[in-house]
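This report is meant for someone meeting the structure for the first time, and it goes through the model one topic at a time. Please keep the view at hand while reading.

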Amino acid sequence: MTAADLVTTVRNVRAGHRTLLQILPIYVAVIILLMAGEAIRGGFVSLGNVGSLLLLATFTAVVSFGQGLVILVGGFDLSVAWTMTMAGVFLTSQAQGLNARGAWVVPLVLAAGAAIGLVNGLGVAIFDIAPIVMTLATNVVVQGLVMTSISGTPSGKAPPFLVALTNRSWGWLPWLVVFLACFTVLATLFLRATPVGRRLHVIGYNRTVAQLSGIPVRRTLILAYVLSGVCAAIAGMLAAGYTTTSALTTGDSYLLPSIAAVVIGGASILGGRGHYPATVGGAIFLTVLSAILAAVNLSDAVRTMITGVVILLAVLVIGQRERSH
Amino acid sequence: MSPSQDRAVEFTSVSKRFGAVAALTEVSFGCEPGTVHGIVGENGAGKSTLVKILSGLTRPDKGAVHVFGRQVSGRSPKHALAAGVATVFQELTVVPYLSVARTLLLGREPKNKLAVVPARTANKIAAEALAAHGVDDVAPDAVVTELPLALRQKVNIVAALMLPPRVLVLDEATSALGPDDVAWLFTKARGIADAGGTVLVITHRLDEIEEVCDRVTILRDGKVVGTYVRAGISRDEMVRAMIGRSIAEMRPRRHVARADRPARLAVRDLSGPGFQGVTFQVGAGQVVGVAGLQGQGQRELFLALFGALRHHGWIAVDGRPVRFRSPHAAIDAGICLIPEDRKTEGLVLDLPGRENVSLPILGTLARFGLIRRRAEARTISELLDRLAVSRTALFRLASEFSGGNQQKLLFAKWLARRAGTYLFYDPTRGVDVGTKEETYRLVSELAGNGCGVLYYTTELDELLRLCDPVLVMYHGTVSQVLRGDEITHERVLKALLGLAEDGQGDGRAGQRPASAPVQQGSQWAG
Amino acid sequence: MVSLALARMRAVPRAATARFLAQPVTASALLLIVACVIYFAAQPRALSAYGIDNLLDEYTALALAAVGECFVIITGGFDMSVGAVMAFINVIMAVYMGHNATGFALLALGIGAACGAINGLLVTALRIPSLIATIAMMFVWEGAALFILPQPGGSVDQGFVVTVTGSVGQIPTAAFILVAAGLLGGWVLKTRAGGWLLAVGASETAAHTQGLPVRRLKILAYLLAGLFYGAAGMFFTAESGSGDPTIGQSFLMEAFAAVAVGGTIFGGGRGSAVASILGAFITGVINNLLQVLGVSSFTTPAFYGAVLFLAVAARSSRLHGYLRDAAHRLRPGSAGAGPPRSVGRKGTVLIPGGGKR
């Protein structure tokens with residue numbers, strides 16, 4: 001971008017106001033949560049702790065980008081669950097803890113994620129199958145394929161470079177958080193400043209207008225699902241890198257948070273509206289929330305219940321609500 | 001002043017804003033029982049907001065509406081219906097998948113001893129109601145959304161008549177109807193008024209006001225200009241009240257095709273769902289008109305020409321034969337369509353003007369994958385200036401603009417493409433006189449620059465003024481082509497009804513071809 | 001013109017037969033019969049009284065849950081709390097029931113209805129999108145279930161178990177329950193209110209404009225759903241004989257699948273309670289069939305997903321359009337373009353399914 005472009009950007013501040021107003025609330029909520037955390041356990045808001053919270057939030061944030069894309073165009077992706085698990089499981093079992101192998105396993109896993117997304121996209125765009133049903137089916141199929149191929153037991157180790165990326169830090173700043181920041185910038189640029197991003201938004205707002213404006217709707221829809229699959233794969237590999245080994249329950253525990261992060265971040269569940277920085281805020285919010293709940297000595301049961309109530313409150317305050325009748 | 005029990009409908013200081021736009025300001029007037037009361041105004045004058053408040057769909061910010069002393073505003077559609085207000089809307093709000101019978105009886109279905117709705121009884125009641133109101137071309141078990149537009153509208157009208165209404169509100173209800181059906185509707189309206197009921201006719205068509213209304217209230221810019229006895233006001237006075245000035249004399253300015261260039265658009269034996277065997281040419285610099293009553297295949301033709309519907313036949317753009325299966329491809333080939341409904345087909349109201357207008361040219365505005373903001377702003381500002389739209393449109397949401405300005409945004413969107421062929425589908429529908437003049441100027445300018453224009457409109461005056469030749473569509477084919485001196489009001493009207501010049505023809509005016517169910521899937525391209 | 005008229009006439013009878021076959025109940029019934037035939041062929045023992053009794057016991061809970069979920073989906077929403085509500089009811093019964101079977105059976109229905117009502121209020125009064133509202137409530141009920149019974153356990157009154165999973169004469173009780181559920185669910189959708197539920201799902205705006213009480217109808221849908229979840233939880237308790245706070249997740253996915261296979265369209269406006277029951281059994285029979293065929297439990301989900309996909313794709317009207325196109329092209333001398341048809345104006349989305357999920 002040239003300097004003149006920057007000037008134009010600054011001149012768009014009036015429009016930017018609107019965007020900021022939509023992104024700010026969730027971060028305010030995060031800060032409130034952090035303060036609550038500090039009150040409950042001193043030292044909560046230390047650089048080290050915040051750093052590791054942001055690190056943990058990265059996995060959700062990455063999946064939520066893909067999920068957010070699909071929600072943007074009016075669907076849901078339930079298959080991120082087993083796509084993530086697939087990614088972790090295949091990464092570890094094929095890479096076997098070697099960087100050399102990792103070099104070709106990683107692209108392969110990404111391709112697998114894209115393929116899953118492609119199947120979803122075709123089902124939704126070509127056959128007009130309801131996204132929730134299509135991705136549900138794909139999720140379960142991937143589950144079957146993965147479980148069969150590893151006979152129910154995940155094995156192996158993630159390649160060292162991934163383990164390093166997800167575990168090392170510069171002092172208090174984990175490398176993965178830097179990754180998150182870069183990812184956020186790129187993702188936001190994609191959504192806001194590229195033709196494809198604009199087209200995705202238009203499709204989400206009004207599909208008829210999109211088609212009559214010459215947007216290749218089917219192709220773009222499929223792209224959204226493909227990207228969702230890729231993001232889930234990335235997140236799955238990162239998660240496996242973090243724990244070095246893979247697990248079968250990884251993906252399932254990220255499915256609902258990925259949807260919640262998008263909605264709490266202010267995206268409209270009907271599509272069209274949404275800002276990725278706010279989704280990242282939603283992911284951070286959920287991560288901080290579960291950290292706080294873990295710090296307080298409550299049983300699993302109560303923690304789960306509180307999570308539910310907090311999500312409701314967050315949506316009430318921040319999220320987009322349905323039109324009234 | 002308490003609302004009078006005798007007044008059928010009383011609007012008292014009704015005001016409503018949408019964001020920065022004041023849709024209605026202190027609107028006060030009344031309608032007497034036993035009259036047909038017209039409400040006229042250009043688009044943006046506030047007519048549809050008024051209707052929505054009367055029917056309980058929207059709440060006024062200030063003021064109230066009373067029906068025979070009972071307040072109906074600020075509550076729900078149920079209350080309006082309970083007060084006897086039945087509305088036939090401009091946007092056909094039918095519930096998909098329901099049969100005609102269930103649509104007519106929605107909310108008051110019959111039930112048997114098991115509390116189940118018996119299909120046969122429902123159908124019988126529906127059939128009787130349809131017959132009683134003189135509608136004989138609709139079957140009670142047909143699915144409403146599969147019916148052609150005009151029949152759907154008639155079902156809507158009968159549903160309203162079945163209330164039975166003390167106040168019948170017709171909101172641009174004739175837009176989908178042919179002359180026969182309009183006459184039928186107005187007879188019904190007259191009947192209701194003569195029996196003591198009240199009919200509100202909301203329209204921007206002055207000939208309808210003249211035909212059926214006893215009194216007329218004129219709105220301009222959200223305010224009441226005045227309420228008059230219809231017989232005591234002339235058409236010119238009405239127009240002046242509606243727009244605040246006299247309109248310019250309409251002189252026909254026809255354009256002649258340039259002989260030195262290949263035809264912008266040439267079509268041979270084109271067929272698709274709803275039309276067949278269409279053959280015509282649009283020369284460079286020519287404005288070819290299309291006329292037709294609703295549902296004669298012209299909408300399908302336009303959609304097919306834009307690649308949005310599957311079609312068979314031969315199409316050539318600028319002399320080169322083309323095949324396209326999506327609007328995307330059509331646009332690449334140099335064809336642009338300005339669709340009829342700017343709010344649901346043309347613009348995304350929730351996006352700022354800039355993003356709406358730059359949509360078709362995003363590819364050219366991008367470098368290294370990113371959109372160049374400065375270039376975008378520059379290009380769009382130029383277009384906005386050309387169309388006399390304020391530059392604030394760059395940042396303001398499209399929904400914040402009046403209908404006329406929205407239409408101009410839509411034009412800007414497609415002008416950016418600098419295409420060779422423009423398809424206009426009813427561009428002046430629900431648009432104020434000022435914007436209409438702008439539209440004609442734009443069309444002339446395009447033609448002057450050598451573009452080809454295919455122009456469909458339901459306003460005969462426009463055809464006479466702008467177009468030569470005029471293709472008349474009837475039952476899915478181009479039944480007549482009128483050129484030069486043949487293009488007269490009378491000839492076109494006759495052709496619309498399927499009559500040749502000498503009055504011969506099957507004369508099944510107002511009747512629609514029997515419908516087969518709308519099919520999804522195969523014919524939708526892209 | 002003559003050939004077009006003929007083509008039009010030929011189209012009509014096919015449309016009628018096609019429409020009959022496309023009815024959710026008919027299509028699902030056929031699918032179920034086919035699935036059963038294959039299953040009984042592979043496992044003749046299943047065709048015994050004992051076998052059928054087992055089959056019914058295995059999947060009645062799912063069928064009841066599917067009926068409940070169906071009501072919500074018909075109105076255009078999603079209820080993600082179905083499994084969690086069932087788990088909640090299950091643990092309550094397993095821990096507190098003692099010998100008060102009847103009382104707790106009624107309590108189950110009551111709790112289910114209450115959970116449903118809460119969902120309904122969240123969605124209508126607080127205007128929270130149904131997906132998120134029910135996800136949040138899912139957390140709440142799941143947590144509550146864990147709170148009451150952290151580990152699977154508890155005990156269920158034997159008399160209760162025997163009554164519910166036993167038989168009346170030769171016929172298993174489950175069969176009566178299913179028939180009752182089918183009749184009830186089917187009846188509801190045929191009443192005025194039921195028709196209004198479908199209308200709300202088809203187009204909330206239009207329904208509202210026509211004066212239907214949209215909010216109250218939505219609450220009704222969630223309430224009915226909760227009622228059926230209560231029945232499902234109750235039956236599951238009897239069938240499993242103990243409490244398990246973690247059964248929620250699997251029931252959720254299976255309930256959605258059952259509804260989808262049954263032919264209810266996600267997005268609202270069209271659906272059938274009876275078909276959802278059939279859908280539950282189709283998925284159940286296929287599950288059992290795969291077991292009998294020796295398919296490892298690892299691979300079963302893959303087939304499950306494939307069946308789900310096929311069942312839904314087969315109903316895709318887009319697909320039918322493509323097939324019809326191909327058939328037209330293959331028939332010699334056809335006009336290709338087909339008879340002239342009018343196309344709806346407003347409300348016709350050029351790519352079907354726009355905005356709905």
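## Confidence in the model

What pLDDT does chain C average, and what percentage of the residues score at least 70? The model is a predicted one, and in it chain C averages a pLDDT of 84, with 87% of the residues scoring at least 70. Two stretches of chain C call for caution. Over residues 1–14 of chain C the pLDDT stays under 50, and the model has 10 contacts beyond four places in sequence for this stretch. Residues 334–357 of chain C also have a pLDDT below 50, and there the model shows 80 contacts beyond near neighbours in sequence.

For chain B the mean pLDDT is 83, and 90% of the residues of this chain reach 70 or more. For the complex, the predictor gives an ipTM of 0.86 and a pTM of 0.86.

## Chain A and its overall form

The secondary structure of chain A consists of 14 helices and two strands. The radius of gyration of chain A is 20 Å, close to the 20 Å that the globule rule gives for 325 residues, so chain A is as compact as a globular protein of that length. Taken along the principal axes, the box filled by the C-alpha atoms of chain A is roughly 50 × 50 × 45 Å.

## Where chain A meets chain C

Between these two chains, 51 residues of chain A are in contact with 53 residues of chain C. On the side of chain A that touches chain C, the elements that give two or more residues are helix H6 (131–150), helix H10 (207–212), helix H12 (252–264) and helix H14 (300–317) of chain A. The largest share of this side, 13 residues, comes from H6(A). By residue class, the side of chain A that touches chain C divides into 28 nonpolar, 18 polar and five charged residues.

## A helix pair within chain C

Which residues make the contact between H12(C) and H14(C)? The axes of helix H12 (residues 248–262) of chain C and helix H14 (residues 300–314) of chain C come within 8 Å and cross at roughly 35°, and the crossing of H12(C) and H14(C) is left-handed. H12(C) contributes Ala257(C), Ala260(C) and Val261(C) to the contact, while H14(C) contributes Leu308(C), Ala311(C) and Val312(C). The residues of this contact divide into six nonpolar, no polar and no charged.

## The four-stranded sheet of chain B

Chain B holds an open sheet of four strands in the order S2-S1-S4-S5, with antiparallel pairing. The edge strands, each of which pairs on one side only, are strand S2 (21–31) and strand S5 (70–71) of chain B. Seven bridges join S1(B) to S2(B), which run antiparallel, and Phe18(B) has Val21(B) as its bridge partner in S2(B).

Strand S1 (residues 9–18) of chain B also pairs in the antiparallel sense with strand S4 (residues 62–67) of chain B, over five bridges. Glu10(B) has His66(B) as its bridge partner in S4(B), and Ser15(B) stands opposite Lys62(B) in S4(B). Helix H1 (residues 47–54) of chain B lies across S1, S2 and S4 of chain B, and runs at about 65° to S2(B).

## The six-stranded sheet of chain B

An open sheet of six strands in chain B has the order S16-S19-S20-S13-S21-S22, with mixed pairing. Its edge strands are strand S16 (335–338) and strand S22 (477–482) of chain B, each pairing on one side only, and the twist averages 20° from one strand to the next. Strand S13 (residues 287–291) of chain B pairs in the parallel sense with strand S20 (residues 452–456) of chain B over four bridges, and Gly289(B) stands opposite Tyr455(B) in S20(B).

Two helices that pack on this sheet can be followed in turn. Helix H9 (residues 298–305) of chain B touches S13, S16, strand S19 (421–425), S20 and strand S21 (470–474) of chain B, and the direction of H9 makes about 150° with that of S19(B). Helix H18 (residues 489–496) of chain B touches S13, S21 and S22 of chain B, and the direction of H18 makes about 170° with that of S22(B).

Conventions:
Residues are numbered from 1 along each chain as its sequence is written. Chains are lettered from A and ligands numbered from 1 in the order in which they are written. This is a predicted model: local features need pLDDT of at least 70, side-chain atom pairs count only at pLDDT 80 or more; totals for chains, interfaces and linings use all residues. Axes are lines fitted to C-alpha atoms, for helices over the stretch in contact, and angles run from 0 to 180 degrees between N-to-C directions. A crossing is left-handed if the near helix is turned anticlockwise from the far one by less than a right angle, and right-handed if clockwise. Two residues are in contact if their C-beta atoms, placed from the backbone, lie within 7 Å. Ala, Val, Leu, Ile, Met, Phe, Trp, Tyr, Cys and Pro count as nonpolar, Asp, Glu, Lys and Arg as charged, and the others, Gly among them, as polar. pLDDT is the predictor's confidence in each residue, from 0 to 100. Two strands pair if DSSP finds at least two bridges between them. The radius of gyration is taken over C-alpha atoms; the globule rule is 2.2 Å times the number of residues to the power 0.38.
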